[in-house]
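Please read the following explanation alongside the sequence and the structure. It goes through selected local features in turn.

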Amino acid sequence: YMLSGLAVLHVSYAEIPKLYYFDIPGKVEAIRLAATHGGFLFEDVRLNRNEFDSLKSNGTLKFGQVPVLKVAEDQYISQSATIIRYIGKQTGLYPSNDIIAALVDSIIDQEVDMFTGLTVSKYPDRFGFGAITTNQKLVFSIRESVLADVIPRHLGYFETILSKTTTMWIANTTNPTIADFVLVPRLIAVREFVEDEMQFDILYSFPRLRSLIDNILTLPAVQCYYDKEKKQCFNNV
């Protein structure tokens, strides 16, 4: 397990918070990166299947899924957007200005909208669409439509927002917010997925989104996070 971040927090903890997820980027990579950059000290617990099943069966996972953030004995925060918003409020990555905070929230909500179709096509049983798996031609057709039409339309929305900013960040803030950290790992993931599935760069027509990825990946704490030689990362390294 890896300890990340150096906390200067609005609350104190009796023990180091623990972030539970699998050993993959998934929905939690945004949280790991934001916490590391923001200086939120946490234990990065990478679960195997047996450990996940144990947490699920003993009632720790109130919604039967991860990620969860343990902040105290018997106190767990669920849902990825809620966790990153909580960490953002602790570290200054969530705006104190209500209007800017609303913009950040809207971007995070729009990210969910952008990927809903792809998520359902990848995990149809989870959403009650298991019947479509008997028709792989239909599954492929749905996924092709999502990748060729739906996701690019949403990418265009984000590209337009970035075109109107005067800073490096999507909410036009001086420093990154949780919205930037939510978007970038998902953009990287969908780019890799589409390259594997359809052999083209889905971000080719969106230079500002490509720059946003670079802006996050070149933050010192993020570079440190991906440097496996280092055991602890700080936002001012």
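Gln199 counts as exposed, because its relative accessibility is 60%; here exposed means over 50% relative accessible area, buried under 20%, and partly exposed in between, with a 1.4 Å probe and protein chains only. The model is a predicted one, in which local features need pLDDT of at least 70 and side-chain atom pairs count only at pLDDT 80 or more, while totals for chains, interfaces and linings use all residues. Residues are numbered from 1 along each chain as its sequence is written, and side-chain values use heavy atoms, with hydrogens and water left out.

Gln199 lies in the loop between α6 and α7 (207-217). Helices (H or I, at least four residues) and strands (E, at least two) are DSSP runs, numbered from the N terminus. Most residues other than glycine have a negative phi, and most peptide bonds are trans. Gln199 is not a glycine, yet has a positive phi of about 55 degrees. Asn172 likewise has a positive phi, near 60 degrees, in a residue other than glycine. The loop that holds Asn172 runs between α5 and α6 (178-198), and Asn172 counts as partly exposed, at 35% relative accessibility. A cis peptide bond leads from Val66 to Pro67, with omega near 15 degrees. Pro67 is located in the loop between α2 (49-57) and β4 (68-72).

The next topic is helix packing. Two packed helices are described by the angle between their axes and the distance between the axes. Helix α4 (residues 98-122) packs with helix α5 (residues 136-163) at an angle of about 170 degrees, and their axes are 8 Å apart. α4 is therefore roughly antiparallel to α5; angles over 145 degrees count as roughly antiparallel, under 35 as roughly parallel, 65 to 115 as roughly perpendicular and the rest as oblique. Axes are lines fitted to C-alpha atoms, for helices over the stretch in contact, and angles run from 0 to 180 degrees between N-to-C directions. By class, the contact of α4 with α5 has 12 nonpolar, four polar and four charged residues. Ala, Val, Leu, Ile, Met, Phe, Trp, Tyr, Cys and Pro count as nonpolar, Asp, Glu, Lys and Arg as charged, and the others, Gly among them, as polar.

Aromatic rings come next. The whole structure contains four aromatic pairs; rings of Phe, Tyr and Trp (its six-membered ring) pair if their centres lie within 6.5 Å, and planes under 30 degrees apart count as stacked, over 60 as edge-to-face and the rest as tilted. One of the pairs joins Tyr21 and Phe22, which are tilted, 5.7 Å centre to centre with 55 degrees between the planes. Tyr21 is buried, with a relative accessible area of 9%. Tyr225 and Tyr226 form an edge-to-face pair, 4.8 Å centre to centre with 80 degrees between the planes. Tyr225 is buried at 2% relative accessible area, whereas Tyr226 is partly exposed at 37%. Ring pairs also link Tyr21, Phe22 and Phe52 into a cluster.

Rings also meet charges. The charged end of Lys122 sits over the ring of Phe193, 5.0 Å from its centre; this requires NZ of Lys or CZ of Arg within 6 Å of the ring centre and within 35 degrees of the ring normal. The charged end of Arg126 sits over the ring of Tyr123, 4.4 Å from its centre.
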